[in-house]
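Work through the following exercises with the sequence and the structure open beside you, and try each task before you read its solution.

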Amino acid sequence: MRDVAVISFAQETADKDRERNEVEFIIPVVQEAVRASGLARHDIGFTISGSCDYLSGGPFTFVQGLDAAGAWPPVKESHVEMDAAWALYEAWVAIQAGEVDSALIYGFGKSSLTDVHQVFNLQNDPYTVAPLWPSTVSLAALQASALLAGSDVTERDLAEVAARSRRDSLDNPYAIVGEDVDADTLLARPLTYAPLRDADVAPVTDGSAAIVIAADDLARELCERPAWIRGIDHRIDAPHIGTRDLTTCVSARRAGEEAGALQGGFDIAELHAQFSHDELILRDVLGLDGATINPSGGALGANPLMASGLIRIGEVARRISAGDAGRGLAHATQGACLQQNLVCVMEGE
Amino acid sequence: MATTEPLIEHHVLEYPGGYTRSLGTALSRYLTGLRAGRIVGVRTVDGRVMVPPTEYDPETGADLDEYVEVGPAGVVEAWTWVAEPVAGKHHLTKPFAFALVRPDGADIPMVHVVDVASPDDMSVGMRVMPRWAPERVGYVTDLNAWVPEGDAADGSAGGGVDRQGAGGGVDHQAEPVTGITVPIRLEYEINAGRASSKYLRGMAEGKLIGQKAVGSDAVYLPPRGSDPTTGAPTEIEVEVSQIGTVTTFCITNIAGLSESAPEVPYIAAQILLDGANTPYLGLVQGIAVDDCRMGLRVKAVWDENLRPDARCLKWFEPNGEPDAAYDTYREYA
């Protein structure tokens with residue numbers, strides 16, 4: 001295996017940005033991630049993005065996105081219709097295969113153009129579930145209900161996660177909701193999507209993120225303290241949520257196992273928990289005792305779809321590079337009720 | 001200021017008439033069952049009963065073919081409240097619950113809806129009965145909603161549905177359901193973005209405004225906000241000429257390609273406007289189609305009603321200058 005590290009990271013978020021289009025969100029993060037990497041744009045071996053055409057309601061958004069990535073003369077390029085954390089995985093594989101020594105990864109999306117929670121109903125079973133139009137939030141709330149009924153988790157536990165996330169978001173300039181609040185205050189608020197409250201649900205966020213990764217001596221040469229990827233893996237559960245035990249998450253557990261996460265020892269973890277109960281489930285299956293969870297405020301502070309998972313990797317990597325953490329775990333998710341999960345374990349040297 | 005207001009257009013993503021989907025064996029059984037007021041599941045490899053049924057085992061992928069009628073009553077295993085149903089999407093028009101309902105005899109719950117007056121009427125473990133739609137067509141909403149067991153028994157939630165066929169397993173309608181039509185409609189408020197908004201506002205003044213990046217001479221029209229060779233933001237605005245050169249073209253002889261297409265035959269051309277470094281795709285009129293040629297010099301013709309809309313540059317027509325030499329546009333042809 002080659003040693004591969006995150007060497008630069010940039011992000012951009014907004015609450016319903018009415019001025020910039022999706023592509024214009026990419027420009028600053030690609031510019032900054034490339035600048036901070038120390039590599040010239042065309043010395044980066046591979047370019048890959050993650051986005052979703054259903055966010056903008058038009059085909060091939062990622063092709064226009066290439067204008068913002070600096071893709072001429074032609075670059076070696078790929079795209080995933082997923083969160084860009086999966087694009088980073090593909091880039092990592094390309095480096096392991098020896099095809100390239102470095103890669104630019106970016107993810108972008110504007111969730112504010114439509115009722116995004118309804119849009120993702122289209123990923124449900126088109127015969128028996130999608131015609132009923134359960135939103136992303138409704139399905140997540142079913143998981144919360146199952147967890148509350150089938151484990152010792154309480155509504156207060158959810159509120160504690162939400163309150164901590166909102167407090168930590170105050171220190172994150174990229175978070176779009178932040179609040180000095182405690183669990184009691186949140187518990188007094190209405191059950192908007194019973195058993196979930198607004199604060200249990202990630203805010204609709206526009207945004208983008210970019211990361212440059214590099215291998216071996218190239219990473220050492222470019223970065224004082226690279227965030228080395230020690231393990232990365234992703235796994236998926238069955239789509240029909242009735243077939244799954246919603247009080248746990250087998251695919252996240254398996255991805256963690258394959259990524260070498262289960263030996264623990266983490267200083268920090270950034271979990272792509274888009275709902276309060278997601279964090280409780282993930283902490284349980286990934287064994288994160290002792291780790292500071294979501295110091296950025298996590299996805300409950302800002303959740304730009306298609307970039308949010310990549311941001312989790314970036315948030316861990318930048319803390320490792322800054323010397324604030326030695327070992328960290330980043331997680332990304334896709335699909336209804338934590339269906340698909342990616343775990344990335346990173347360490348400083 | 002009015003000039004910085006974002007340009008926003010309402011956009012509907014919809015396939016007219018809906019998606020037509022064929023069902024296959026398991027879903028045909030399921031929806032044919034619902035039409036008859038019966039709930040059909042399937043036995044998995046490890047002996048559990050799953051509803052709705054699939055043709056394959058959820059864990060091993062093995063073929064499944066032992067269909068089992070379940071219910072009609074069931075139990076709520078998880079629920080959430082929908083305070084504001086969305087018109088055109090949710091089939092119930094007043095607040096309701098989504099739930100995982102496990103019909104009696106099944107081991108795996110299904111996603112469906114429960115119709116009660118308030119979330120206070122919902123609880124995990126509550127007993128529910130199906131309320132069948134009065135007219136059933138072989139669709140998932142033939143099971144209109146689950147309702148509390150007592151409500152169904154007293155008939156208040158019923159639809160006057162004849163369930164005589166249920167026990168015997170014989171459908172009133174002989175032909176099995178083999179396909180469904182699913183309407184899908186999504187609506188968006190698309191914003192043009194900074195670069196396109198500036199460009200379109202320029203058009204409202206009859207101007208063509210391109211952009212270039214600091215340190216570059218390449219002017220992009222229409223601008224997309226970045227220089228595609230470097231990704232650098234194109235922050236410098238440059239008004240380009242309304243006169244340009246046809247670098248390449250095609251003649252369309254097929255009518256009806258779009259609602260806005262002119263009468264055939266017509267010319268669509270790549271036009272390199274003087275001062276721009278990307279060709280502009282436009283129509284060429286005012287010349288017989290057989291006389292159109294590379295190098296032809298043309299000028300923009302605008303609609304009288306100038307507005308921030310790309311369609312107000314109607315077409316280009318010859319301006320009478322001699323043809324441009326090939327070398328002046330060869331890199332763009």
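A residue is called buried if 20 or more other C-beta atoms lie within 10 Å of its own, and exposed if 12 or fewer do. Keep in mind throughout that this is a predicted model.

**Exercise 1.** Determine which residues of strand 10 of chain A point one way and which the other way, and decide whether they are buried or exposed.

Solution. Begin with one face of the strand, where R327(A), L329(A), H331(A) and T333(A) point one way. Then turn to G328(A), A330(A), A332(A) and Q334(A), which point the other way, and note that the residues of both sets are all buried. Since eight of the eight residues of strand 10 (residues 327-334) of chain A are buried, the strand is largely enclosed by the rest of the structure.

**Exercise 2.** Find which strands pair with strand 10 of chain A, and in which sense they run.

Solution. Strand 7 (residues 268-270) of chain A runs parallel to strand 10 of chain A and is joined to it by three bridges, and here I268(A) stands opposite G328(A). Strand 11 (residues 340-347) of chain A, by contrast, pairs with strand 10 of chain A in the antiparallel sense over eight bridges, with A332(A) opposite L342(A). Finally, follow the chain from strand 10 to strand 11 of chain A: the two form a hairpin with five residues between them, and in the turn G335(A) has a positive phi of about 85 degrees.

**Exercise 3.** Describe how helix 7 of chain A and helix 11 of chain A cross, and which residues meet there.

Solution. The axes of helix 7 (residues 155-169) and helix 11 (residues 276-286) of chain A come within 8 Å and cross at roughly 100 degrees. Because angles of 65 to 115 degrees count as roughly perpendicular, helix 7 of chain A is roughly perpendicular to helix 11 of chain A. Next, look at the residues: D157(A), L158(A), V161(A) and A162(A) of helix 7 meet S276(A), H277(A), E279(A) and L280(A) of helix 11. Sorted by class, this contact has four nonpolar, two polar and two charged residues.

**Exercise 4.** Locate S111(A) and decide whether S111(A) is buried or exposed.

Solution. First place S111(A) in the loop between strand 4 (102-110) and helix 5 (116-119) of chain A. With 25 other C-beta atoms within 10 Å, S111(A) is buried. Lastly, consider V204(A), which is 93 residues apart from S111(A) along the chain, although their C-alpha atoms are separated by 6.1 Å.

Methods
Residues are numbered from 1 along each chain as its sequence is written. Chains are lettered from A and ligands numbered from 1 in the order in which they are written. This is a predicted model: local features need pLDDT of at least 70, side-chain atom pairs count only at pLDDT 80 or more; totals for chains, interfaces and linings use all residues. Helices (H or I, at least four residues) and strands (E, at least two) are DSSP runs, numbered from the N terminus. Axes are lines fitted to C-alpha atoms, for helices over the stretch in contact, and angles run from 0 to 180 degrees between N-to-C directions. Angles under 35 degrees count as roughly parallel, over 145 as roughly antiparallel, 65 to 115 as roughly perpendicular and the rest as oblique. Two residues are in contact if their C-beta atoms, placed from the backbone, lie within 7 Å. Ala, Val, Leu, Ile, Met, Phe, Trp, Tyr, Cys and Pro count as nonpolar, Asp, Glu, Lys and Arg as charged, and the others, Gly among them, as polar. Two strands pair if DSSP finds at least two bridges between them.
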